[in-house]
Amino acid sequence: MKKIFQMIRRLYYNETLRYLAVGGCTTFVNMAAFYLFCDVFGIDVTLGNVTSIVLAILFAYVANKMFVFSSKTVGARETFFEFCRFVGGRMSTMAIEVGGVFLIYNVMGYPKMAAKLATQVLVIVGNYFISKFLVFRNRKEKAEQEF
């Protein structure tokens, strides 16, 4: 039993695995919102895609800040700038996702959910590197300064 707890503990402390878990939840938020906007509410695919991505970005910021990178910001100003870096980075992968869905769905003629899923791999990988190296990059430096 002790080995099982040790294995679970190692998995929990693995940043990449935590990111993949949060990324899976973010992808679920994105896909579920996309389905609701497009298939339930009948919104245009591109508008539904952009709106679902915005909701996923908001969810992802909070989840990544708290559970993946354990980012500690001091004050509203620092949090605001961290959030702006996060959104700025996510805008680049949003362009990949919106452009990819448009290309795969409108030009190539594949189903919209297949197009949305196909873009997610690139988006998740890109977002990890953006978050790790551009947004939450100074968290270790701050932790070291506290000791």
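A crossing of two helices is called left-handed if the near helix is turned anticlockwise from the far one by less than a right angle, and right-handed if clockwise. I wrote that down before looking at any helix pair.

**Entry 1: ground rules.** This is a predicted model, where local features need pLDDT of at least 70, side-chain atom pairs count only at pLDDT 80 or more, and totals for chains, interfaces and linings use all residues. Residues are numbered from 1 along each chain as its sequence is written, and side-chain values use heavy atoms, with hydrogens and water left out.

**Entry 2: the whole chain.** I looked up the secondary structure and found six helices and zero strands. Helices (H or I, at least four residues) and strands (E, at least two) are DSSP runs, numbered from the N terminus. In sequence order the pattern reads α-α-α-α-α-α. The C-alpha atoms fill a box of roughly 55 × 45 × 25 Å along the principal axes. I then checked burial: 35% of the 147 residues count as buried. Buried means under 20% relative accessible area, exposed over 50%, and partly exposed in between, with a 1.4 Å probe and protein chains only. For contacts (heavy atoms within 4.5 Å), I took those between residues at least 6 apart in sequence, and 68% of them join residues at least 24 apart.

**Entry 3: α2 against α5.** At what angle do helix α2 and helix α5 pack? I found about 145 degrees for α2 (residues 15-40) and α5 (residues 112-135), with the axes 10 Å apart. Axes are lines fitted to C-alpha atoms, for helices over the stretch in contact, and angles run from 0 to 180 degrees between N-to-C directions. The crossing of α2 past α5 is right-handed. On the α2 side the residues that meet α5 include Tyr19, Asn30, Phe34 and Cys38, and on the α5 side they include Lys116, Leu117, Ile124 and Tyr128. Sorted by class, this contact has nine nonpolar, six polar and five charged residues. Ala, Val, Leu, Ile, Met, Phe, Trp, Tyr, Cys and Pro count as nonpolar, Asp, Glu, Lys and Arg as charged, and the others, Gly among them, as polar.

**Entry 4: α3 against α4.** This pair packs at about 145 degrees, with axes 9 Å apart, and the crossing is right-handed. Among the α3 residues in the contact are Val50, Ile53, Ile57 and Tyr61; among those of α4 are Phe83, Phe86, Val98 and Phe102. The class count for α3 with α4 is 16 nonpolar, four polar and four charged residues. I noted a general point beside this list: an α-helix has 3.6 residues a turn, so residues three or four places apart point the same way.

**Entry 5: the two ends of α3.** Aspartate 44 caps the N-terminal end of α3 (residues 45-68), with a side-chain oxygen 3.1 Å from the backbone nitrogen of threonine 46. Just after α3, serine 70 has a positive phi of about 45 degrees, and serine 70 is a residue other than glycine. Serine 70 sits in the loop between α3 and α4 (75-107). Serine 70 counts as partly exposed because its relative accessibility is 36%.

Entry 6: Phenylalanine 37 is in α2 and is buried, because its relative accessible area is 16%. Phenylalanine 37 and serine 52 are 15 residues apart in sequence and 7.7 Å apart, C-alpha to C-alpha. Leaving out residues up to four places away in sequence, phenylalanine 37 touches residues including Gly42, Ile43 and Leu55.

**Entry 7: cysteines.** How many disulfides are there? The count is zero, where a disulfide is a pair of cysteine sulfur atoms within 2.5 Å. Cysteine 38 is buried, with a relative accessible area of 9%, and cysteine 84 is partly exposed, at 33%.

Notes
Polar contact = N/O pair within 3.5 Å; in protein donor to acceptor, adjacent residues only side chain to side chain.
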